[in-house]
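Hello,

I am passing this structure on to you, and I hope you enjoy looking around it. My notes follow below.

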Amino acid sequence: MRHLSALLIGMVFGTGIAISGMANPAKVLNFFDIAGTFDPSLVIVMFSAMFTAMAGYRFALRRERPVLEASFSLPSTNLIDRPLVLGAATFGIGWGISGFCPGGAIPALGLGSVDPLIFVAAMSVGIVAARTWRRQGAKAAPATA
Amino acid sequence: MTEFTPLAAAFGGFLIGLSAVLLMLFHGRIAGMTGFVGAVLPPVASDWSWRAVFLAGAIAGPVVYSMATGNVIAIDEPVSKAMLVVGGLIVGVGVTFGGGCTSGHGVCGMARFSKRSFVATCVFMATTFATVFVIRHVFGA
């Protein structure tokens with residue numbers, strides 16, 4: 001049940017990305033090119049998704065627990081720290097170079113272009129490397145963790 | 001040039017938001033793609049299997065949609081394969097330390113009024129604008 005639900009919800013997500021045009025790096029990058037070939041679609045996608053989630057979360061979070069799990073697992077930290085800011089800044093640089101973010105690239109994987117495959121492979125190496133790096137940093141300086 | 005597509009953007013965005021709501025309602029989780037991809041990479045998370053199925057659905061959805069409707073989903077990558085690799089590596093490092101990306105922070109976190117996600121979203125939008133400006137208008141690529 002859990003897996004079937006995840007499959008269907010994943011399909012809704014991927015289809016939404018595809019219809020919105022956010023699987024297309026050219027379209028994403030043109031949003032950020034205000035001084036050039038500007039295409040405002042991305043901000044419509046983000047606001048539409050955000051307001052839908054905002055409205056739906058109010059309803060979903062009114063329940064005692066999710067339908068298929070014992071409890072909600074929400075991020076609890078509110079800390080604005082260096083890793084958050086530097087990580088987000090770094091992510092933006094990579095997004096600006098490639099036009100792909102994780103949510104845009106995954107639904108693009110099955111559409112016959114080799115580009116999302118290259119991007120996701122490189123991103124996966126980056127994720128594994130960053131985790132290793134973070135673990136070693138945590139070992140070297142346990143007091144700051 | 002890409003065409004401004006407000007209706008497709010609004011409807012696609014609605015589906016993205018809907019998937020976030022359904023994931024919260026049924027699984028109690030944030031629909032952050034960084035978390036989903038991270039969970040299936042080594043060392044895998046304890047709950048990796050349903051997350052892998054979600055990712056499979058995210059890949060299958062556009063394929064099914066495209067076959068069912070006959071609509072072609074454009075993927076035009078304006079940068080070279082080498083830059084794609086560089087961009088991918090940087091994104092992987094950034095989302096790991098930043099704890100999320102456009103879906104987790106930009107959509108779900110903002111919808112939960114998370115201060116962390118608000119800061120992260122402002123920061124990554126700003127550096128993406130700056131990066132595209134430098135690449136296209138300073139270096140003229």
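A word on burial first: a residue is buried if 20 or more other C-beta atoms lie within 10 Å of its own, exposed if 12 or fewer, and partly exposed in between, with C-beta atoms placed from the backbone. This is a predicted model, in which local features need pLDDT of at least 70 and side-chain atom pairs count only at pLDDT 80 or more, while totals for chains, interfaces and linings use all residues. Residues are numbered from 1 along each chain as its sequence is written, and chains are lettered from A and ligands numbered from 1 in the order in which they are written.

Let me begin with B:Arg116. With 22 C-beta neighbours inside 10 Å, B:Arg116 counts as buried. B:Arg116 sits in helix 6 (residues 115-138) of chain B; helices (H or I, at least four residues) and strands (E, at least two) are DSSP runs, numbered from the N terminus. Leaving aside residues up to four places away in sequence, B:Arg116 touches A:Thr77, A:Asn78, A:Leu79, A:Ile80, A:Leu84 and B:Gly109, where a contact means that two C-beta atoms, placed from the backbone, lie within 7 Å. B:Thr69, 47 residues away from B:Arg116 in sequence, is 39 Å away in space, C-alpha to C-alpha.

Now for chain B as a whole. Chain B has six helices and zero strands. Of its 141 residues, 53% count as buried, and the C-alpha atoms of chain B fill a box of roughly 45 × 40 × 30 Å along the principal axes. Helix 1 (residues 6-27) of chain B has 22 residues and reaches 31 Å from its first C-alpha to its last, close to the 32 Å expected at 1.5 Å a residue (the expected span is 1.5 Å times one less than the number of residues). Just after this helix, B:Gly28 takes a positive phi of about 70°.

How do the two chains meet? In all, 106 residues of chain A are in contact with 100 residues of chain B. Helix 1 of chain A gives the most to the side of chain A that touches chain B, with 18 residues. That side divides into 66 nonpolar, 32 polar and eight charged residues; here Ala, Val, Leu, Ile, Met, Phe, Trp, Tyr, Cys and Pro count as nonpolar, Asp, Glu, Lys and Arg as charged, and the others, Gly among them, as polar.

B:Val37, in helix 2 (residues 33-39) of chain B, is buried, with 23 other C-beta atoms within 10 Å. Not counting residues up to four places away in sequence, B:Val37 touches A:Pro102, A:Ile106 and A:Ile127.

Next, the core. The largest nonpolar core has 80 residues, and those with the most contacts inside it include A:Ala53, A:Ile106 and B:Phe54; such a core is a set of buried Ala, Val, Leu, Ile, Met, Phe, Trp, Tyr and Cys residues joined through C-beta atoms within 7 Å. Helix 3 of chain A gives the most to this core, with nine residues. B:Phe54 touches A:Ala6, A:Ile9, A:Gly10 and B:Phe36, not counting residues up to four places away in sequence.

Finally, the axes of helix 2 and helix 3 of chain A come within 7 Å and cross at roughly 95°. The two helices are therefore roughly perpendicular to each other. The contact is made by A:Lys27, A:Val28 and A:Phe31 of helix 2 and A:Ser41, A:Leu42 and A:Val43 of helix 3 of chain A. Axes are lines fitted to C-alpha atoms, for helices over the stretch in contact, with angles running from 0 to 180 degrees between N-to-C directions; angles under 35 degrees count as roughly parallel, over 145 as roughly antiparallel, 65 to 115 as roughly perpendicular and the rest as oblique.

Best wishes
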